[in-house]
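Dear colleague,

I am passing on the structure we spoke about, with the sequence alongside. My notes on it follow below.

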Amino acid sequence: MKFKSTSQNARRNFLKNLGTGSLAALSIPAIWNPEPVVAMPVHHSSMLPDEKFWTQIKKQFAIPPNLIMMNAANLCPAPFSVNEKVTGIMSGLSKDVSFQYRKQFTEGRKNSIAALAEYTGVGADEIGITRNTSESNNIIVNGLDLKTGDEIILWDQNHPSNGIAWEERAKRYGFKVKKVTVPENPKSQEELVKPFREAITPQTKLIAFSHISNTSGIALPAKLLCELAGTKNILSFVDGAQSLGSTDLDLKSMGCDFYTGSTHKWFMGPLENGILYIKKDKMPQLWPNIISVGWKDSSNTVDEKYCALGQRNEATLAGLIETVNFHKTIGKANVANRVVQLNDYLKEQIRTKIPAITFLTPISPELSGGITNINLPGKKPAEISQKLYDLHGIATAPTGGIRIAPHIYNSLSDIDKLVSALQTLAV
Ligand SMILES: Cc1ncc(COP(=O)(O)O)c(C=O)c1O
């Protein structure tokens, strides 16, 4: 009898319960099968994303029952299907590293890019695969021609790779960096747009902001900000480290000129990959940073022009497609709605059961993302976060407060466990 691993069984049940009737799209070939991505035979309308459904999703991950992962803002586990695809390719590479054998992974990378482009709603020539958001951000920071007299506007909650990186660049090239602050407890999207609007001058060349802050969890209205920039001929750059894989992303509709993200966060993809989106008509404004074998001046895709970074891990690049398949199987909107549901439930439970807790994150899902950052009065976030892990097996992050970032591998009962752990630590 053929042995089936637990993960294979879990995947089979998962697909059976989703009613796909087909294992083909997530089955793991013995060697890499570089087929282009095809739409999964899934009828999203027939799915009922109730707790039973999410229990099946949870089984797609290796997280043991005694651990609860709620640090998606930092790092996410990848499902079995992704890990098996990547490790399958790596095993193949351990046997044969010839150009002849590896040719298939060049095709695999292209297929991953096509899948990512479809997922984000842009052209395949507008997407490249880097190593992480930090690298994608720095490609933009170092690639634009900015000089004395020019101004750029940053959100003061930007990540260092989209904040300090600009300030260092400005020291060298003499342009001005303006940082804007938004209200701590915003009541409307307009309150979030206003500070950016007011900072614009005729010298402004670019507005760069995190889509969702990794500290406060505030979600900026990216579409409104990109529209604002566009009407004034200003470039818009959205750092999507906290929105890729947690929101129902459509970059064309968002209207940004640049977008970046990491596959190892909410996207639940392979470790150490990032995406870089550059709107087609903005490519002539951006110089490449790193040039290695394969780069050509005539290259006209983002991946070829900006992401020729030397030898890469071909397994993760070609394996990325499996993550897009995973999202497609569940449905991008279902993932996004679940993230909102988990955070809504978490906020409601905290407010009801531990009213002393203060929120760094807006309560409204319109103004916040998948992160809920909280403080227990009189307690140090780092100590509480450590105790949550040591005593309760719950992973959070001490980032300004206790940063909680649940994802689709969490259940509502995981949230209940967290809240009851917080209750015991609050006293
Ligand atoms: C908003 C934002 N940008 C960039 C990054 C950097 O991501 P990475 O470490 O994957 O490059 C992070 C990481 O938390 C982030 O939250």
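**Ligand site**

Around the ligand there are 14 residues, and the closest of them are Ser-134, Asp-239, Gln-242, Ser-262 and His-264. Please keep in mind that this is a predicted model. By class, the shell around the ligand divides into two nonpolar, ten polar and two charged residues.

For Ser-134, an N or O atom of the side chain is 2.7 Å from a ligand oxygen. For Lys-265, the distance from a polar side-chain atom to an oxygen atom of the ligand is 2.8 Å. For Asn-132, the corresponding distance to a ligand oxygen is 3.5 Å. The ligand taken alone exposes 400 Å², and the protein buries 87% of that.

Ser-134 sits in helix α5, which covers residues 133–143.

**Largest pocket**

The largest pocket holds about 850 Å³ of space. Its lining consists of 27 residues, with Thr-106, Arg-109, Val-293, Gly-294 and Asp-303 the closest to the centre. Which elements give two or more residues to this lining? They are α4 (99–120), α10 (302–306) and α11 (314–330). The largest share, nine residues, comes from α4. Sorted by class, the lining of the largest pocket has twelve nonpolar, six polar and nine charged residues.

**Second largest pocket**

The second largest pocket contains about 560 Å³ of space. It is lined by 28 residues, and those nearest its centre are His-211, Ile-212, Ala-219, Thr-247 and Asp-248. At least two lining residues come from each of α8 (222–231), α9 (251–254) and α12 (332–353). Here α12 supplies the largest share, with seven residues. The lining of the second largest pocket divides into twelve nonpolar, ten polar and six charged residues.

Ala-219, one of the residues nearest the centre of this pocket, belongs to the loop between β5 (204–210) and α8. Ala-219 has a relative accessible area of 11%; because the cut-off for buried is under 20%, Ala-219 is classed as buried. How far apart are Ala-219 and Leu-367 in sequence and in space? They are 148 residues apart in sequence, while their C-alpha atoms are 5.1 Å apart.

**Ile-139 in helix α5**

Ile-139 is also placed in helix α5. The C-alpha atom of Ile-139 is separated by 8.5 Å from that of Trp-287, and the two residues are 148 apart along the chain.

Met-268 is one of them, with phi at about 60°, and Met-268 lies in the loop between β7 (258–262) and β8 (274–278). The relative accessible area of Met-268 is 0%, so Met-268 is buried. Glu-272 also has a positive phi of about 60° without being a glycine. Glu-272 is found in the loop between β7 and β8 as well.

Regards

Definitions and conventions: Residues are numbered from 1 along each chain as its sequence is written. This is a predicted model: local features need pLDDT of at least 70, side-chain atom pairs count only at pLDDT 80 or more; totals for chains, interfaces and linings use all residues. Side-chain values use heavy atoms; hydrogens and water are left out. On a 1 Å grid over the protein atoms alone, a cavity is a set of points where a 1.4 Å probe fits but cannot get out, and a pocket is an open set with protein on both sides within 12 Å along at least five of seven lines; lining residues have an atom within 4 Å of a point. Grid points are joined across faces, edges and corners, and a volume is the space filled by probe spheres set on the points. Helices (H or I, at least four residues) and strands (E, at least two) are DSSP runs, numbered from the N terminus. Ala, Val, Leu, Ile, Met, Phe, Trp, Tyr, Cys and Pro count as nonpolar, Asp, Glu, Lys and Arg as charged, and the others, Gly among them, as polar. A residue is near a molecule or strand if one of its heavy atoms lies within 4 Å of it. A polar contact is a pair of N or O atoms within 3.5 Å; within protein, one must be able to donate a hydrogen and the other to accept it, and residues adjacent in sequence count only if both atoms are side-chain atoms. Accessible areas come from the Shrake-Rupley method with a 1.4 Å probe; for residues, only the protein chains shown count as cover. Buried means under 20% relative accessible area, exposed over 50%, partly exposed in between (1.4 Å probe, protein chains only).
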